[in-house]
Amino acid sequence: MKRLLTSFVALGLLAAGSLAWADTLTINGAGATFPYPIYSKWFDVYHTANPSIQFNYQSIGSGGGIRQISARTVDFGASDGPMTTQQLEDSPLRILHFPTVLGGVVPIYNVEGVTGKINFSQKAIAGIFLGSITKWNDPELQNSNPDIKLPGSDIVVVHRSDGSGTSYCWTDFLSKISTAWQLKVGKGTAVNWPVGLGGKGNEGVAGLVKETPGSIGYVELIYATHNNIDFGRLQNKAGKFVNCTTASVAAAAASAKMPNDFRVSITNPTGEDAYPASTFTWLLVYQNPPDKAKGKALVEFIKWMMIDGQKFTEDLGYVALPASVVEMEKIAINKIKI
């Protein structure tokens, strides 16, 4: 009898555990590496407050996020570059964009003997990534850095090897400041890079730059600060060399006019204090979610993200959404059919 009772208790515990597991709704997403640190924080905090909802997010790059939501293999995607009109038209289900935070993409470098911040003129940064400026002591670089003795070593360019919203922001910026770049390369989550080595994800680019003397790459600000990698100032449209900070990214956003579909570029904006390689990042959500339970849970998360989630941005090096954008999103969220 005792053995039988023990068996019943074990079966009861197993059933209870199975019920608890069944009651947990897992929302699957994939995409941008840029916002991965803030998304991880949000998903953990939200799950703690709502134990029945958990998120499984794969940080695979914006290009992967766009492909997966278009293929209906995830419940949401994430991208630092908005989907093109053609991509939206090719998707079997209509996809909506929801801005989540803002950030800046910075030029990181590993230059022996240089401890100060390097100033990169618009001509210099475009020339480096085009491959026409190949030495660190090139006059275009040295003239912008009179207080730094730059070495005569070769410049090694590092770029993303995967489809990337960080690349979209960077190439969008380069396209706006260089006609040669616009005509030869253009903008996109993936482009045919004229020169350089490829690294996967912000993490891969940061790692390559850190271990390669004479190298330069681009990553989201948080990856530079967390990896203790030097990053320089970019010359903005007003001609000023601007450091990437939450204030200078916010200044870039202040000049943007947000369209109703939220697909906007804020690179190379007007404003003396604006950082020129700034961007929003977006969640990509089905307007008519195939799984209504997951769709409803995702809508509630987005509502939380717009208000409570923004409190975590500054500590992680991101910029909170402007109040005007939040108000627009509160209206747009009603377009999701749940």
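A cavity here is a set of points, on a 1 Å grid over the protein atoms alone, where a 1.4 Å probe fits but cannot get out. This is a predicted model, so local features need pLDDT of at least 70 and side-chain atom pairs pLDDT 80 or more, while totals for chains, interfaces and linings use all residues. Residues are numbered from 1 along each chain as its sequence is written, and side-chain values use heavy atoms, with hydrogens and water left out.

**View A. The largest cavity holds about 60 Å³ of space.** Volume means the space filled by probe spheres set on the grid points, which are joined across faces, edges and corners. The structure has one cavity of 30 Å³ or more. Its lining (residues with an atom within 4 Å of a point) runs to 14 residues, with Tyr168, Asp172, Val264, Ser265 and Thr279 nearest the centre. Strand S11 gives the largest share, four residues; helix H7 (165-177) and S11 (278-286) each supply at least two. Helices (H or I, at least four residues) and strands (E, at least two) are DSSP runs, numbered from the N terminus. By class, the cavity lining splits into seven nonpolar, five polar and two charged residues. Ala, Val, Leu, Ile, Met, Phe, Trp, Tyr, Cys and Pro count as nonpolar, Asp, Glu, Lys and Arg as charged, and the others, Gly among them, as polar.

**View B. The largest pocket has a volume of about 220 Å³.** A pocket is an open set of points with protein on both sides within 12 Å along at least five of seven lines. Look around the lining for Arg94, His97, Asp261, Arg263 and Lys335, among others. S4 gives the most, with four residues. The pocket lining counts six nonpolar, two polar and four charged residues.

**View C. Helix H5 (residues 122-130) is largely enclosed by the rest of the structure, because eight of its nine residues are buried.** Buried means under 20% relative accessible area (1.4 Å probe, protein chains only). The buried set includes Gln122, Gly127 and Leu130.

**View D. Phe301 is among the residues that touch the most other members of the largest nonpolar core, a set of 101 residues.** Such a core joins buried Ala, Val, Leu, Ile, Met, Phe, Trp, Tyr and Cys residues through side-chain atoms within 4.5 Å. Ile125 and Phe129 are also on that list. Strand S4 (residues 95-110) brings the largest share of this core, nine residues. Leaving out residues up to four places away in sequence, Phe301 touches Trp42, Phe43, Tyr46, Phe55 and Leu283, where contact means heavy atoms within 4.5 Å.

Methods: Buried < 20%, exposed > 50% of the residue type's maximum accessible area, 1.4 Å probe, protein only.
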